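Subject: Structure handover

Hello,

Here is the structure I promised to pass on. Please open it alongside this message.

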Amino acid sequence: MRASLFITCYNDTLFPETGRAVVTLLERLSVEVEFRPGQTCCGQMHANTGFRGEAFSQARRLVRMYQDAEAVVIPSSSCVAMIRDQYPGLFEELGNEELRMQFAAMLPRVYELSEFLVDKLGVEDVGAYFPHKVTYHASCHGLRGLHLGDRPMRLLAKVRGLELAPLPNLDRCCGFGGTFSVKNGDVSSAMLAVKLEDVLGTRAEFCTALDNSCLMHLGGAMHRQFAPMKTIHMAQILASTQSQPAEVLA
């Protein structure tokens, strides 16, 4: 099995350890991983702020880059939701029938990381070891957009040494929402405060998720409050073994 890693601009710029973890994990599962260096952005922030032409440009680039890929793996439910939900409208709006057909052919081969592991590879036990108490935050795009369901929990449940602390109000948003947190700062901060109360109440050592955007939002608040909890992308937990522990930032 060969998979192309679309790391996303957010992870590439701010959280490169997530990309390294995905490669480590997939190669351990005998997946041949390729990285196409011409990749850029899925165009989500452009589309969400009304820059449709710029979003179309990014969408066109992504489709043309990956139209021949056996599988495209993306460690961000937010970006996968952008591709599934907004690309069809973009291509229809701008009247490019060729791209619409290329996209339709490519779309079934685009996977969020937990989807790829559970649905495509048929694996739940990835051989991970992470001896810590962890709570899982379900991002809005993963929960409501992709309907990931219990896939993340099933993967975490098979990690040796991991104690999973249930998070109350799992369906509650952290308040980030990309540009939402910029345009609606007061509302975003209020939502974050409520979410953080639930997260810290688990007394876990780590809060994990499938979106680093949510984790950055939560982690920033933890840092400002001098909270003892850390954030970590789920790929890093799944890539961790006794001989090769997770790359955890202090």
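Below is what turned up, taken from the whole chain down to single residues.

One caution before the details: this is a predicted model.

**Domains and the pocket between them**

The chain divides into domain 1 (2-120) and domain 2 (133-239). Their contact takes 28 residues from domain 1 and 22 residues from domain 2. The C-alpha centres of the two domains lie 22 Å apart.

Where does the largest pocket lie? Both domain 1 and domain 2 give residues to its lining, so the pocket lies between them. It holds about 560 Å³ of space. The lining has 26 residues, and the closest to the pocket centre are Gln44, Ser78, Phe176, Gly178 and Ser213. Several helices supply at least two lining residues each: α1 (9-14), α3, α5, α8 (140-145) and α12 (212-224). By class, the lining has 12 nonpolar, 13 polar and one charged residues.

At 29% relative accessibility, Gly145 counts as partly exposed.

Next, α4. The helix covers residues 52-66, 15 residues in total. From first C-alpha to last it reaches 21 Å, close to the 21 Å expected at 1.5 Å a residue. Its buried residues are Ala55, Phe56, Gln58, Ala59, Leu62, Val63, Met65 and Tyr66. An α-helix has 3.6 residues a turn, so residues three or four places apart point the same way. With that in mind, follow the list of buried positions along α4, including Ala55, Ala59 and Leu62.

What do the buried residues of α4 pack against? Their partners are β1 (2-5), α3 (44-48), β3 (72-74), α5 (77-93) and α6 (97-106).

Is Gln102 buried or exposed? Its relative accessible area is 17%, which is under the 20% cut-off, so Gln102 is buried.

A search of the whole structure finds one cavity of 30 Å³ or more. The lining consists of Phe6, Gln39, Thr40, Cys41, Gln58, Arg61, Leu62 and Met65. Among these, Gln58, Leu62 and Met65 are also buried residues of α4. By class, the cavity lining has four nonpolar residues, three polar and one charged.

Ala69 is in the loop between α4 and β3. Its relative accessibility is 3%, so Ala69 counts as buried. Which residues does Ala69 touch, not counting those up to four places away in sequence? They are Ser4, Arg36 and Arg109. Tyr111 is 42 residues from Ala69 in sequence and 12 Å away in space, C-alpha to C-alpha.

**Helix α11**

Helix α11 runs over residues 185-201. At 1.5 Å a residue, its 17 residues should span 24 Å. The end C-alpha atoms are 24 Å apart, which agrees. Ser188, Leu192, Lys195, Leu196, Asp198 and Val199 are buried in this helix. Arg203 follows α11 and has a positive phi, near 55 degrees.

**Other positive phi values**

Most residues other than glycine have a negative phi, and most peptide bonds are trans. Besides Arg203, please check two further residues.

- Ser30 is not a glycine, yet its phi is positive, about 65 degrees. It sits in the loop between α2 (16-28) and β2 (32-34). Ser30 is exposed, with a relative accessible area of 62%.
- His147 is not a glycine either, and has a positive phi of about 55 degrees. Its place is in the loop between α8 and α9 (151-157). At 57% relative accessibility, His147 counts as exposed.

Over to you.

Best wishes

Methods
Residues are numbered from 1 along each chain as its sequence is written. This is a predicted model: local features need pLDDT of at least 70, side-chain atom pairs count only at pLDDT 80 or more; totals for chains, interfaces and linings use all residues. Side-chain values use heavy atoms; hydrogens and water are left out. Helices (H or I, at least four residues) and strands (E, at least two) are DSSP runs, numbered from the N terminus. The expected span of a helix is 1.5 Å times one less than its number of residues. Buried means under 20% relative accessible area, exposed over 50%, partly exposed in between (1.4 Å probe, protein chains only). Contact means heavy atoms within 4.5 Å. On a 1 Å grid over the protein atoms alone, a cavity is a set of points where a 1.4 Å probe fits but cannot get out, and a pocket is an open set with protein on both sides within 12 Å along at least five of seven lines; lining residues have an atom within 4 Å of a point. Grid points are joined across faces, edges and corners, and a volume is the space filled by probe spheres set on the points. Ala, Val, Leu, Ile, Met, Phe, Trp, Tyr, Cys and Pro count as nonpolar, Asp, Glu, Lys and Arg as charged, and the others, Gly among them, as polar. Domain bounds come from an automatic or database domain assignment.
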